[in-house]
Amino acid sequence: MQTEGLVAKDLHVFYGEKEAIKGVSLAFAAREVTALIGPSGCGKSTFLRSLNRMNDTIDGVRTSGEIWMDGENVNEAGVDVVQLRQKIGMVWQRPNPFHKSIYENIAFGPRYHGVRNKKQLDEIVEDCLRKAALWDETKDRLHNSALALSGGQQQRLCIARSIAVKPKVILMDEPASALDPVSTAKVEELISELKQDFSIVIVTHNMHQAARVSDKTAFFYMGKVVEYDQTDKIFTNPSEKATDDYISGRFG
Ligand SMILES: Nc1ncnc2c1ncn2[C@@H]1O[C@H](COP(=O)(O)OP(=O)(O)OP(=O)(O)O)[C@@H](O)[C@H]1O
C-alpha cells in the first residue's frame, strides 16, 4: 500500500477496553472526495478524528497501527500535532467560528503560522472567502462578528478558515447535517470545487449526499470497512450484501 498522501494501515482505536476501530486500512488520494458511510456507532467519526489525531484530546483513547501523511507516521511520538493539523484540517458538524470577526477567523491560522504582512493576510482572506463562495456576501462586513452570519454562512466560513493554512486534506464530519437544504446544496457545491485542490474525507449519513459529492466510498460496519470502492459501484452494484442492505435502507 502507498505511503504518499494520507494512508491508514491496520488502524485500531480503543476507548478503554472497547475496540471502536478494528483494523482499518484506507488510502486517500489527492483531488478526490472519499465518503465514509455506515450506521450510527460503526466508528466513522472515530476513524476520521484519528487521521489528524483529534482523538488525542479524548481521555482513555488508545490507538495502534499506522497513519501516514506524506511519508510521516503521524502516530509516532514527537510528531508536531499543530503542524499535522495544518496539513490535515477539520470541519465539524456544527459550525464553530471563533468569536471574532469574519476577517480574523480566516487570518488567525496563517498569522499563527507566521504570515505577518497585512497585504498578504488581506489577500489570503479574500482568496479563501472567494473559494468558499462567501466573498460577495461578506466583503462589506469583514470586520463584523462571524457569529452574525447565518448557520450556512458560518459553515462556509469554517471551510474557508480550514483552507487558509493550505492543508492537503480536509476532514469533514457531517458538515451539512445542521444546515437547511439551500445551505446544504452550497456546501456540496463547495466540496466539488475544493476537491480540485485538496483531498477531502467526509462522514455523512445522507446517502444521496455521498453519491453526489464523492469519488470513493467506504462502508463501515462495527468498526471495520466492509466495502470500499468507486462511489458509483457502491451505490449501483455493491459487492457485499451488508452494503446493499445499508444503502437500500434495510438497516441503520
Ligand atoms: N468518547 C468516547 N468514549 C467512549 N466511547 C466512544 C466515544 N466516542 C465514541 N465511542 C464509541 O465508539 C463507537 C464508534 O463511535 P463513533 O462516534 O465513531 O461512530 P459513528 O459511526 O461516527 O456514529 P454516528 O454516525 O452516530 O456519529 C461507538 O460504540 C461509540 O459509542
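Is Ala 132 buried or exposed, and how many other C-beta atoms lie within 10 Å? Ala 132 is buried, with 27 other C-beta atoms within 10 Å, where buried is the term for a residue with 20 or more such neighbours, exposed for one with 12 or fewer, and partly exposed for one in between, the C-beta atoms being placed from the backbone. The model is a predicted one, in which local features need pLDDT of at least 70 and side-chain atom pairs count only at pLDDT 80 or more, while totals for chains, interfaces and linings use all residues. Residues are numbered from 1 along each chain as its sequence is written.

**Figure 1. The protein chain as a whole.** The secondary structure of the protein chain comes to ten helices and ten strands, which are DSSP runs numbered from the N terminus, with helices (H or I) of at least four residues and strands (E) of at least two. The radius of gyration, 18 Å, is close to the 18 Å that the globule rule gives for 252 residues, so the protein chain is as compact as a globular protein of that length; the radius is taken over C-alpha atoms, and the rule is 2.2 Å times the number of residues to the power 0.38. Along its principal axes the C-alpha trace spans about 55 × 45 × 30 Å, and buried residues make up 42% of the 252 residues.

**Figure 2. The shell around the ligand.** The residues around the ligand include Tyr 15, Lys 18, Lys 44, Ser 45, Thr 46 and Ile 58, each counted if its C-beta atom, placed from the backbone, lies within 6 Å of the molecule. Strand E2 (18–28) and helix H1 (44–51) are the elements that give two or more residues to this shell, and the largest share, three residues, comes from H1. By class, the shell has four nonpolar, six polar and two charged residues, where Ala, Val, Leu, Ile, Met, Phe, Trp, Tyr, Cys and Pro count as nonpolar, Asp, Glu, Lys and Arg as charged, and the others, Gly among them, as polar.

**Figure 3. Helix H4 and its buried side.** The 14 residues of helix H4 (residues 118–131) should span 20 Å at 1.5 Å a residue, and the end C-alpha atoms are 20 Å apart, which agrees; the expected span is 1.5 Å times one less than the number of residues. The buried residues of H4 are Ile 124, Val 125, Cys 128 and Leu 129. They cover an arc of only 120° around the axis, which puts them on the same side of H4, the arc being that of the directions from the helix axis to the C-beta atoms. What covers these buried residues includes helix H3 (102–112), helix H5 (135–138) and helix H6 (151–163).

Figure 4. Ala 132 is found in the loop between H4 and H5. Not counting residues up to four places away in sequence, Ala 132 touches Arg 156, Leu 157, Ile 159, Ala 160 and Leu 190, a contact being a pair of C-beta atoms, placed from the backbone, within 7 Å. H4 is also followed by Ala 133, whose phi is positive, near 55°.

**Figure 5. Two further residues with positive phi.** Glu 174, with phi near 45°, lies in the loop between strand E7 (169–173) and helix H7 (181–194), and Glu 174 is buried, with 20 other C-beta atoms within 10 Å. Met 222, with phi near 50°, is found in the loop between strand E9 (216–221) and strand E10 (224–230), and Met 222 is partly exposed, with 14 other C-beta atoms within 10 Å.

Methods. Two residues are in contact if their C-beta atoms, placed from the backbone, lie within 7 Å.
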